[in-house]
Amino acid sequence: MGLLSRKVTCNSHGQDSSYFLGWQEYEKNPYDEVKNPKGIIQMGLAENQLCFDLLESWLAKNPDAVSFKREEQSIFKELALFQDYHGLPAFKKALVDFMAEIRGNKVSFDTDHLVLTAGATSANETLMFCLAEKGDAILLPTPYYPGFDRDLKWRTGVEIVSIQCSSSNGFQITESALEAAYQEAQRKNLRVKGVLVTNPSNPLGTTMSRNELDLLVNFVTDKEIHLISDEIYSGTVFSSPAFVSIMEVLKDRKLENTQVWERVHVVYSLSKDLGLPGFRVGAIYSNDPIVVAAATKMSSFGLVSSQTQYLLSAMLSDKKFTKEYISKNHKRLQKRQNKLVSGLEKAGISCLESNAGLFCWVDMRHLLSSNTFEAEMELWKRIVYDVKLNISPGSSCHCTEPGWFRVCFANMSEDTLKLAMQRLKSFVSSITIDNQTHQDLKNMRKKNRTKWVFRLSFQSFHDREQGER
Ligand SMILES: Cc1ncc(COP(=O)(O)O)c(C=O)c1O
């Protein structure tokens with residue numbers, strides 16, 4: 001141990017967060033309709049599995065793209081030898097066009113500003129290496145994607161300071177919350193280098209309003225700091241209000257080529273919109289040529305393989321395909337989100353109204369035994385171990401109010417989602433029954449004045465769960 005680096009032993013990776021612990025529990029006992037029908041259903045993974053049929057049908061119709069051929073001639077050697085960190089020009093062009101298409105072509109992107117990375121994970125960390133270092137802070141609105149503790153802090157030494165958002169206004173960013181975070185960083189002797197937002201938000205599943213975006217642009221202009229917009233979910237916006245990219249705001253406010261323009265950076269990836277997290281395709285789009293040059297050199301540590309670039313350049317250049325994909329993806333996500341919302345409603349659970357993403361931000365405050373994060377953990381454990389659903393507690397997303405959970409809906413079949421909702425409904429009514437039993441026993445105690453110990457029992461829930469199958 002003594003010979004290892006401090007990085008190895010420090011715990012800023014965030015791996016011990018309940019977000020990742022839930023995944024580990026799922027791995028030990030994964031639900032399978034046939035092989036393990038009593039296993040844990042994974043609802044803590046923001047994967048988009050709703051459009052694989054479209055991707056596979058495209059692959060079947062385009063064998064050249066998969067078998068390293070161009071006009072039926074093998075280009076295997078060309079791809080095997082390609083290792084330029086600037087990326088394949090054809091892929092970069094196809095990617096920027098896809099990004100513009102997702103934004104309704106209200107903005108366009110230039111390949112000279114684009115740096116390819118191995119997913120948004122690498123893009124976010126690379127940006128941190130370019131913009132900040134130990135002793136610096138990045139402000140992030142809460143709740144935020146738990147992976148940011150790893151991606152932004154772990155290897156870079158940069159600190160995250162929370163912009164505390166609350167349920168009172170649907171977790172929107174306010175001027176006073178921004179200012180308070182800035183002051184907090186200064187109190188900690190940290191130099192604020194920028195604000196990072198996820199738009200659409202993970203875990204909220206909402207798009208940022210123009211008002212919030214304007215507020216952010218004003219704030220970073222005033223403080224002379226960077227603004228990073230992680231737009232990895234931009235293609236998942238399935239209902240109004242429409243998605244507004246930070247680039248659109250800059251354009252509308254005629255801020256192109258001003259000082260603030262160079263301090264705005266967008267992160268993107270095909271992990272969510274195209275459902276390809278395994279392909280590791282991400283990008284940084286920056287208006288600052290120095291950042292682009294440095295990030296390009298750094299991208300050597302996490303390049304996108306040339307066969308992946310080749311395959312996806314063919315796929316994304318097929319405009320008929322991208323148009324159909326984008327539209328069908330929206331429709332399917334909307335339908336699936338409706339199913340989750342109505343399933344939750346039947347269990348007496350509501351969630352934040354959402355219009356994007358692969359998850360809902362679910363309000364279970366009424367199921368807590370007290371308004372504390374201990375009670376949130378207690379409830380989470382029961383949901384994982386007794387109900388056998390892995391969802392992510394709000395505390396793992398640094399939410400400041402106990403009782404919120406992120407629940408994913410696009411990484412499973414409709415039948416699995418239905419079963420998950422049945423389990424949850426059963427559980428909620430078991431709690432209601434238990435509470436009733438608790439009340440009855442309390443009344444009895446008052447009556448009989450005898451000493452007794454009340455132990456919360458979940459037997460009724462388990463009995464019902466047995467009957468469910
Ligand atoms: C907001 C956000 N940024 C970045 C990532 C990382 O994505 P990738 O798979 O492209 O590395 C995720 C993944 O869940 C995410 O939700």
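## Two cis prolines

P200 sits in the loop that runs between β7 (191–198) and α10 (210–223); helices here are DSSP runs of H or I with at least four residues, strands are runs of E with at least two, and both are numbered from the N terminus. The peptide bond joining N199 and P200 is cis, with omega about -5 degrees. This is a predicted model, in which local features need pLDDT of at least 70 and side-chain atom pairs count only at pLDDT 80 or more, while totals for chains, interfaces and linings use all residues. Residues are numbered from 1 along each chain as its sequence is written, and side-chain values use heavy atoms, with hydrogens and water left out.

A cis peptide bond also joins T142 and P143, again with omega about -5 degrees. P143 belongs to the loop between β5 (136–141) and α8 (148–154).

## Positive phi angles

F68 is not a glycine, yet its phi is positive, at about 50 degrees. You will find F68 in the loop between α4 (63–66) and β2 (69–70). Because its relative accessible area is 25%, F68 is partly exposed; buried means under 20%, exposed over 50% and partly exposed in between, with a 1.4 Å probe and protein chains only.

K388, another residue other than glycine, has a positive phi near 65 degrees. K388 lies in the loop between α15 (373–385) and β13 (389–390).

## Domains and nonpolar cores

The domain assignment gives domain 1 (6–51 + 323–428) and domain 2 (53–322), with bounds that come from an automatic or database assignment. Their C-alpha centres lie 24 Å apart. Domain 1 puts 42 residues into the contact and domain 2 puts in 46 residues, where contact means heavy atoms within 4.5 Å.

The largest nonpolar core has 77 residues, and L95, L139, V195, L270 and L274 have the most contacts inside it. Such a core is a set of buried Ala, Val, Leu, Ile, Met, Phe, Trp, Tyr and Cys residues joined through side-chain atoms within 4.5 Å. Helix α6 (residues 89–102) supplies the largest share of this core, 8 residues. The core draws at least three residues from each of domain 1 and domain 2. Another core, of 65 residues, lies apart from it and includes I40, L344, W380 and F409.

Leaving aside neighbours within four places in sequence, V195 is in contact with I138, L139, I163, L216, F219, V220, I225, H226, L227 and I228.

## The ligand site

The ligand is surrounded by 15 residues, and the closest are A120, T121, N202, D230 and S269; a residue is counted if one of its heavy atoms lies within 4 Å of the ligand.

In D230, a side-chain N or O atom is 2.7 Å from a nitrogen atom of the ligand. Y233 places a polar side-chain atom 2.8 Å from an oxygen atom of the ligand, and an N or O atom in the side chain of K272 is 2.8 Å from an oxygen atom of the ligand. The protein covers 95% of the 390 Å² of accessible area that the ligand has on its own, with areas from the Shrake-Rupley method and a 1.4 Å probe.

E47 is in the loop between β1 (41–42) and α3 (52–61). It counts as partly exposed because its relative accessibility is 23%. E47 and N411 are 364 residues apart along the chain, but their C-alpha atoms are separated by 5.0 Å. Not counting residues up to four places away in sequence, E47 touches P277, L358, A410 and N411.

D363 belongs to strand β12 (residues 359–363) and is buried, because its relative accessibility is 13%. Its side chain makes a polar contact with the side chain of R365 (2.9 Å); a polar contact is a pair of N or O atoms within 3.5 Å, and within protein one must be able to donate a hydrogen and the other to accept it, while residues adjacent in sequence count only if both atoms are side-chain atoms.

S392 is part of strand β14 (residues 392–393). With 1% relative accessibility, S392 counts as buried. Beyond four places in sequence, S392 touches Y19, G44, W404, F405 and R406.
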